[in-house]
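Subject: Structure handover

Hello,

Here is the structure for your files. Please open it before reading on.

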Amino acid sequence: MKRRDFITNTTAASTLIGLGGLSLSSCSNLGKKQITILHTNDVHSHIDAFPPTHSRHPNLGGVARRATLVEQIRNENPNTLLFDAGDIFQGTPYFNFYGGELEFKLMSKLKYDAATIGNHDFDNGIEGLLAQMPNATFEMINANYDFTNTVMDGYVKPYKIYTVDGIKIGVYGLGIELDGLVTKKLYKETQYLNPYEIALDIEKQLKEKEQCDLIVCLSHLGYDYEYPEKPSDTQLAQKTFHTDLIIGGHTHTFLDKPDVRTNQNWNSVLVNQVGCYGINVGRIDFYFDTDKNAQAKGVSITV
Amino acid sequence: MIFTKVNNLPRRLNKDTPVNNLKFKQFVVFTTFCFLMSCKNDTEKLTEIQGKQIPIDSTYAQTDSIETFVEPYRKRINEVLDSTLAYAPKPLLLNDGERTSSMGNLMADIVFEQASPIFNSRSGNTLDFVVLNAGGVRSIISEGNVSARNAYEVMPFENYIEVVELSGSATRELINFVAKSSRRHPVAGIEIVTDKNGALESVNIQGRPFDESRNYYVASSDYLINGGPSVGFFDQIVSRTPTDYLLRNAMIDYFKKVDTLQVVADDRIKQMD
């Protein structure tokens with residue numbers, strides 16, 4: 001009896017030690033997580049690489065090469081998301097001939113998770129955009145276009161939450177003012193809403209209600225403008241409280257490195273844009289650790 | 001914390017009463033449970049961000065399945081685009097004249113020639129002249145064979161030809177805007193002479209002096225017309241007549257019609273010294 005008790009106790013003790021050890025190590029392993037976000041913008045139907053004779057971008061770009069890169073990165077880290085910040089359409093005969101069919105089909109093959117809508121994505125009219133939606137396995141995300149009275153009603157989400165390795169990533173989208181940029185007969189009854197107001201509403205919802213660990217904005221507002229009254233990504237970064245990353249488009253801005261701005265909470269926000277035509281892919285890695293392990297140091301940013 | 005409790009174990013094990021054992025088992029289960037729960041509840045915090053840009057260059061092999069998927073689309077496009085439609089004996093450039101360019105003049109001439117009959121049949125009126133924007137002509141045409149591909153390069157956007165009716169005073173404003181601009185905005189059907197400061201000296205439309213007392217019909221791209229006063233070209237518009245004719249298709253139809261592109265950077269806009 002005594003012996004049996006001893007064995008039981010020993011087993012319990014080692015269970016305690018074992019579980020203690022296990023939970024300690026599994027805790028810290030659970031804490032150290034890596035989320036990779038890949039992004040493109042303003043690809044403008046550039047499916048083929050530029051020819052070697054091209055004066056500005058010789059031998060750069062091409063969807064078949066991008067597919068290889070994306071697959072490599074996904075093999076390294078399965079916790080990878082792939083986004084596009086709009087202006088998928090228009091710029092090569094692939095669009096003129098096939099109306100965006102090939103662009104959407106290829107993005108689906110590359111397993112894009114979401115895209116936002118650029119002004120040129122209205123170039124075949126709102127019906128032209130709708131016509132290609134069956135070819136998209138990725139989400140169309142925009143929060144500041146009201147499509148209620150258009151054929152796109154129900155096809156666009158204001159935001160989407162991705163849970164990757166236990167990390168909740170809230171992704172919302174913003175689009176540029178269409179009036180003056182796109183013919184009304186193309187965008188029809190699409191209503192443009194103030195992107196800053198919408199961003200503040202959505203990020204609050206994603207942070208407080210949805211408890212997201214990471215908040216990403218897919219923006220087609222444009223990087224920065226001479227006129228401060230024109231909404232831009234740099235201003236958005238400084239006006240928001242919870243957005244961690246703004247993936248931009250529209251201005252075809254080639255940045256040397258992601259721009260780091262300070263938000264209303266005095267936290268850092270990354271603003272990135274990778275030029276245009278699929279010449280580059282942006283890669284942002286977010287590392288998470290348990291509160292305990294993370295407390296000593298703040299967020300270290302390497303760009 | 002956990003290690004303190006583990007260190008207590010040998011002492012506790014010596015007290016081998018069943019009650020103590022039970023308490024101990026409960027304690028172990030409870031502590032382990034607490035620990036697992038605390039682990040589960042331990043929120044992840046962002047500690048590090050790394051950002052970089054990856055150029056898509058030839059070091060990345062093409063994914064075969066993607067390449068194979070694109071191939072039939074590419075083949076069809078190339079068949080259509082690369083068949084020769086016309087010939088350019090000299091390159092058509094965007095900066096070869098003082099105030100005009102051969103490429104810009106070709107564009108404006110094409111719009112005039114191709115849109116005139118459509119406008120006439122739709123409205124019963126006669127087209128007076130054409131104004132386009134320099135920025136809307138996106139490429140030169142090199143010397144040699146001219147194909148539909150050239151039309152796509154010069155005009156990649158889905159812009160349509162549209163005709164606006166302008167009052168005499170609005171027409172004067174438009175002409176002034178074009179004459180004073182530092183850019184070579186393409187025109188056709190009109191000759192503008194300015195002094196060295198860009199002030200109008202003489203304007204002829206369809207060979208006749210400009211008459212401010214009448215309205216004029218001006219063809220342009222719907223992009224400029226919809227852009228309104230902010231773009232600079234069109235402010236007060238009396239009426240609009242769409243042609244539903246893409247600028248690019250007008251170019252392709254014109255290339256099919258002519259053998260040789262004979263156009264020079266002439267003096268249709270002339271600035272006196």
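My notes follow.

This is a predicted model: local features need pLDDT of at least 70, side-chain atom pairs count only at pLDDT 80 or more, and totals for chains, interfaces and linings use all residues. Residues are numbered from 1 along each chain as its sequence is written, while chains are lettered from A and ligands numbered from 1 in the order in which they are written.

Confidence comes first. Where pLDDT is low, the predicted coordinates should not be read in detail.

Next, the fold. Chain A holds nine helices and 14 strands (DSSP runs, H or I of at least four residues for helices, E of at least two for strands, numbered from the N terminus). Of its 303 residues, 50% are buried (20 or more other C-beta atoms within 10 Å of the residue's own, C-beta atoms being placed from the backbone).

An unreviewed UniProt entry annotates residues 36-253 of chain A as "domain: Calcineurin-like phosphoesterase"; such annotations may be inferred rather than shown by experiment. That stretch is 29% helix and 19% strand. Its end C-alpha atoms are 22 Å apart.

H4 of chain A (residues 101-109) packs against H3 of chain B (residues 64-81) at about 170 degrees, with axes 11 Å apart. The axes are lines fitted to C-alpha atoms over the stretch in contact, and angles run from 0 to 180 degrees between N-to-C directions. H4(A) and H3(B) are therefore roughly antiparallel (over 145 degrees).

Regards

How values were computed: Angles under 35 degrees count as roughly parallel, over 145 as roughly antiparallel, 65 to 115 as roughly perpendicular and the rest as oblique. A residue is buried if 20 or more other C-beta atoms lie within 10 Å of its own, exposed if 12 or fewer, and partly exposed in between; C-beta atoms are placed from the backbone.
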